[in-house]
Amino acid sequence: MTVSPIGREIDRVDGPLKVTGSAPYAADYRPEGLVYAYLVQATVGRGTVRGMDVSRAEAAPGVIAVFTPFHPLPLKSPSGESGENYSALQDTAVRFRGQIIGLVVADTFERARDAAALVSADYTVTPSRTSLADAGPGVPQGLVQKLAPGVSSIDAALASSPVTITTSVSQHAHHHIAMEPHATTAVWVDDQLTVYCGAQSPQRAAATIAARLGVEPAKVRLICRYTGGGFGQRSPVWNEALLCAAAARALRRPVKLVLSREQVFTAIGHRAAVRQTIRLGAEADGRLRALSHDSDGELPAAGGWQMMPGRDTSAVAYRTPNIRIDQRLVTLDTPPTWSMRAPAEAPGMFALETAMDELAVRTGVDPVELRLRNYATEDPVEGHPFSSKYLDECYRVGAERFGWSRRTALPRSQTDGDWLIGMGMASALYPAWRQPASARARFRDDGRVAVASATSDVGTGAFTMLAVVGADELGLPVSSIAAEVGDSALPPGGVGAYGSSVTTSTVPAVQAACRAAVKALVQSAVDNPRSPFAGLAPATVRYRQGRIEANGRSVDFRTLLRTMGVPHVEAVSTSAPDKSASQYKFHCFGAHFCEVRVHRLTGEPRVNRFTSVFDVGRVVNAKAARGQLTGAIIWGIGHALLEADPIEPDGRFAAASMADYLVPVHADTPEIDVHWLDRPDPHISEFGARGLGEIGLVSSAAAIGNAVFNATGIRVHDLPITIDKLL
Amino acid sequence: MDFLRPTSLADALSAKADQPEAVPIAGGTDVMVELNFDHRRPSALLDLTRVPELATWEPTADGGTRLGAGVPYTRIITELGARLPGLAMAARTVGSPQIRNRGTVGGNLGAASPAGDTHPVLLAVDAAVELRSVRGTRVVPVREFYTGVKRSVLASDELITAVLLPRAGGPQQFSKVGTRNAMVIAVCSFGLALHPGDGTVGTGIGSAGPTPLRATEAEWFLTGELADGDLWESPKPLTDSVRRRFGELVAEAAAPIDDVRGSAAYRRHALSVLARRTLGWAWQDYRTGGDQRCA
Amino acid sequence: MTQYEGITRRGMLGLVGAAAATVPLDSGAAGAQAASGEVTVRMTVNGSATSLTVDPRVTLLDALRERLQLTGTKKGCDRGQCGACTVHVDGRRVVSCLTLLATLDGASVTTIEGLADGDRLHPLQQAFIEHDGFQCGFCTPGQIMSAAAVIAEGGARTDAEIREQMSGNICRCSAYPGILAAIRQARTEMR
């Protein structure tokens, strides 16, 4: 009897390749005849390239070609996609500092890099718009409003509330800092292009590359089996990858382009800087009467992702009769923006949960109790019930595991030597999103079953998810499943690795594909004349744990396939949400509890410990789930204490290296106690998984900020919470 | 680009004389950052890793230490913790363990970055830098070595061959504030050395000015206080007002700017805190274990 | 591993599992500088004698990846700020991105490809799998090489010491708790 692997501690199936260094990432491919490209980027913030001198570069040893706006590689304009709204080298406009204005190709990496430094450009410079703070309110993009009967405006609702809180918060640009810098290896064989390039959505990326190169979609294959992190930065295709593919086409030889870490900061999108104001109106006991959430997000002229931090946070979190969400976008001459893990939810919930903590302080209501008093059982704007919500249990279990009852509400009341100790909490939520998805299951005559879906494993555990679900469905050990992702040539319909949606969407497709493949195997067993089951009615033949059984005979599928002379039997299935799903609001929930210490004299803030409890539906693999949730909480430490890239008036990022843009290191990581409730969502799918890649980041920064307030009595509204703000 | 690989100091000096523009490279942890991105395009590199004279340390006749410019931080930590306590403390905070296995004090001095972690201690202990060329050898007090942002008195035909550190006659301390718990460039740092032998103290400030700085007023003040109270002979706990004033004078000696790592105001504040605290630790050390150390 | 479509198999040789890549010894004397400005370096890589003649600007990292096809060592920042390129040189961990190949004549280099004993995983490699000490896997070779050195140096006595000693290796997926647990386990097994 095989024990179901679902929810157990399963080692990653891609582990052995990753720990031995033998998993190939995009820059690890080395086709014959490979040459190397290096980018040239604009050194002014906005303007026009008047001319470029490439003579020294072209004369440098080993140089094969230098492409510029004056000697471009042909690319089509982007159409209908968000993201960069121009194609590199097609015009002389400089939209932001760091825009690609040249590509040098040489026989070695060192020579390409050296020659790139020899390219010079003349510019006409126009002033850049770079300051979000100075720009004033942006252009409204997404207004959400619900007012109780008889209430004329949100301002009226706030004005009539016994207690009001106004909280303005801000954060600078954030960078994803996936450990693998963007890399592309492009290989043309006749008119067929193979691109090795990290991508969160291999099929969408391949389609984009085809469209921008002006070739048939079928002519482009993108392979990204191993990708060194995504976090959003690999969901679109950026100009650099397009230029690499175009250069390979022009030069008729494979080209590899690996960005330097510094180039990634500007050539690849960042999380938009955003400023937000929350206004809460409440009764004296903390019950909310009104919630207003205004935001001004950076939207670069060069294109980017629209920062809408209120929509999936303040419009969902608490029972409130009056809500207004006003999300505005401000055009700046900055490098492009893009979604970054919990893209709008992390900043949005930092704002809301900071304000809620201020309301708790003002009303004297315990922060957990305050949230329970405002508990929403349905979407407060649209009125749909939540499909499944056990956030109250998260609060209760979390408070108990953490020891919340030992907290004193009065700031600066707990010390440890020169350290002020504080505790804080915050609630988390993140939309659950099930997309239509497809998968393929293939019984192979080597005795394994290949389970494939054209999604991507950017560290999320998708390989292992396919193996676990396939093994469970087919009654086989996990080791009998060969999982495949990261290839646009897999059957159409793989979902992108974003929105915490891969598991939610793909599990049902894998289950359907496995069932269909079993059916096909049975059908083949009765149809194939060489089969011992030939001629039987399919209904009399059954599949059980890898074996085909009928009439007292039992044959494993490997033997059966070999006997039949069939290398494999497969099925592809697509699975989509039920129509009934539209009646529900699907969200994941969680509660963070955190303890910090702040040095009394130097102001250094450090996180002592975290306890977080999540309601994320059914979990496929406990080991991978813990990694995702814990890792995202550590991102929250970065969000709260470390990460910021201010942009200077000349359009230059002030912290465009890993020495200046600080992400958490091992020594910044405390003990983290992560727990999840095992409550499958009954409405999202038969399986009941809701996705958990991002929720750990949502509100973990707020919990830290609230704990810092409890430690010091200082409320820091402008992230990150650095030493100089705590004195 | 030429790559010069001398195997003796004499060869290294003559190579540097022939090609003064050659960039010396030992651990590479400073130079390579620039080379990797073509910020510098030197016509030649001078590999010093094969020059045995640079890779050793030895005691000097007066009880001090001559530290070869190419001795990596890891060896300072593991071999010289007792002889050079302040420098070893600073070395422990440099970059990452991987960087400490390659990086050297010679490289720190060559780069002369105000954020270099070893400068405050070198200033506090009144170290000297040995510079050699085919023209000869000169020894420059480290207090006269730095001349501007990433600039020093090093001549183009010279190599930094050693650092001369006096015997640690009393407690030494180093402390650094960083945004992250490890692998971080200092927001500011401070080095302190007590010299019971001649009744003086030494200070050094990092990351708070165009060059590493010395807090001369603070040194004079503390030297005077210790002498007036006869505290070297009969060490009592320092009063809060002495420690506070010392901290204020250290902060006043700094010339910080605002940058992504911290504001000028914070740096001054943190320096006063670091100065007070390192003084507290060092004095406590002197009162309890100082005699042994001097022995 | 599956096929690499669109490229000849031959072109891909050396991509995977090239644990003992060896380049033919050339005739240039070690330490000599060729007329072209190139430098010849003889060293031992994962136990195999290797000789390379390269542009003096070539780093150990780029030499391993682009000349010796040992692509397990990763380039994460090229400035010594992330640790993804950590290898051992003469038994000590270094960031190969800041190490010029030309300075390594006579050195012995061990990379992630040289850590396992044939097909048997090194205890750290096994422990990283068991404790989920990685997600995307890109920093993992550097983490494991760094961890091997920490344990060998005796610097893994406490959790605090492991965290401090491993702080030169950034993991953006932030699998740090798993890495810590893996090192704790391997520390015992490697005794």
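Select strand β11 (residues 172–177) and strand β12 (residues 188–195) of chain B: six bridges join these two strands, which run antiparallel. Two strands count as paired if DSSP finds at least two bridges between them. Within this pair, B:Gln172 has B:Ala193 of β12(B) as its bridge partner. The model is predicted, and accordingly local features need pLDDT of at least 70 and side-chain atom pairs count only at pLDDT 80 or more, while totals for chains, interfaces and linings use all residues. Residues are numbered from 1 along each chain as its sequence is written, and chains are lettered from A and ligands numbered from 1 in the order in which they are written.

Remain on β11(B) and colour by burial. A residue is buried if 20 or more other C-beta atoms lie within 10 Å of its own, exposed if 12 or fewer, and partly exposed in between, with C-beta atoms placed from the backbone. Six of the six residues of β11(B) are buried, so this strand is largely enclosed by the rest of the structure. In a regular strand the side chains alternate between the two faces of the sheet. Here both faces are covered: B:Gln172, B:Phe174 and B:Lys176 are buried on one side, and B:Gln173, B:Ser175 and B:Val177 on the other.

**Chain contacts**

Next, display chain B against chain A. Two residues are in contact if their C-beta atoms, placed from the backbone, lie within 7 Å. This contact takes 19 residues from chain B and 22 residues from chain A. On the chain B side, helix α10 (residues 264–294) gives the largest share, four residues. By class, that side has eleven nonpolar, five polar and three charged residues. In this classification Ala, Val, Leu, Ile, Met, Phe, Trp, Tyr, Cys and Pro are nonpolar, Asp, Glu, Lys and Arg are charged, and the others, Gly among them, are polar.

The contact between chain C and chain A takes 57 residues from chain C and 55 residues from chain A. Helices α1 (60–67), α2 (123–130), α3 (140–152), α4 (159–165) and α5 (176–189) of chain C each supply at least two residues of the chain C side. That side divides into 26 nonpolar, 17 polar and 14 charged residues.

**Domains of chain A**

Colour chain A by domain, using bounds from an automatic or database domain assignment. The assignment gives domain 1 (26–127 + 179–229 + 234–267), domain 2 (274–433 + 582–726) and domain 3 (435–576). The C-alpha centres of domain 2 and domain 3 of chain A lie 40 Å apart. Their contact takes 19 residues from domain 2 and 16 residues from domain 3.

**A sheet and a helix across it**

Select β8, β17, β15, β14 and β9 of chain A, which form an open sheet of five strands in that order with mixed pairing. β8 (139–146) and β9 (163–171) stand at the edges, each with a single partner strand, so one side of each is left without a neighbour in the sheet. Seven bridges join β8(A) to antiparallel β17 (residues 322–332) of chain A. A:Lys146 has A:Ile323 of β17(A) as its bridge partner.

**An enclosed helix**

Move to helix α12 (residues 462–474) of chain A. 13 of the 13 residues of α12(A) are buried, so this helix is largely enclosed by the rest of the structure. A:Gly475 follows α12(A) and has a positive phi, near 65°.

**Individual residues**

- A:Ser500, in the loop between β22 (481–484) and α13 (502–527) of chain A, has a positive phi near 50° and is buried, with 25 other C-beta atoms within 10 Å.
- A:Ser699, in the loop between β29 (671–676) and α16 of chain A, has a positive phi near 75° and is buried, with 36 other C-beta atoms within 10 Å.
- A:Pro720 lies in the segment after α16 (700–712) of chain A, and the peptide bond from A:Leu719 to A:Pro720 is cis, with omega near -5°.
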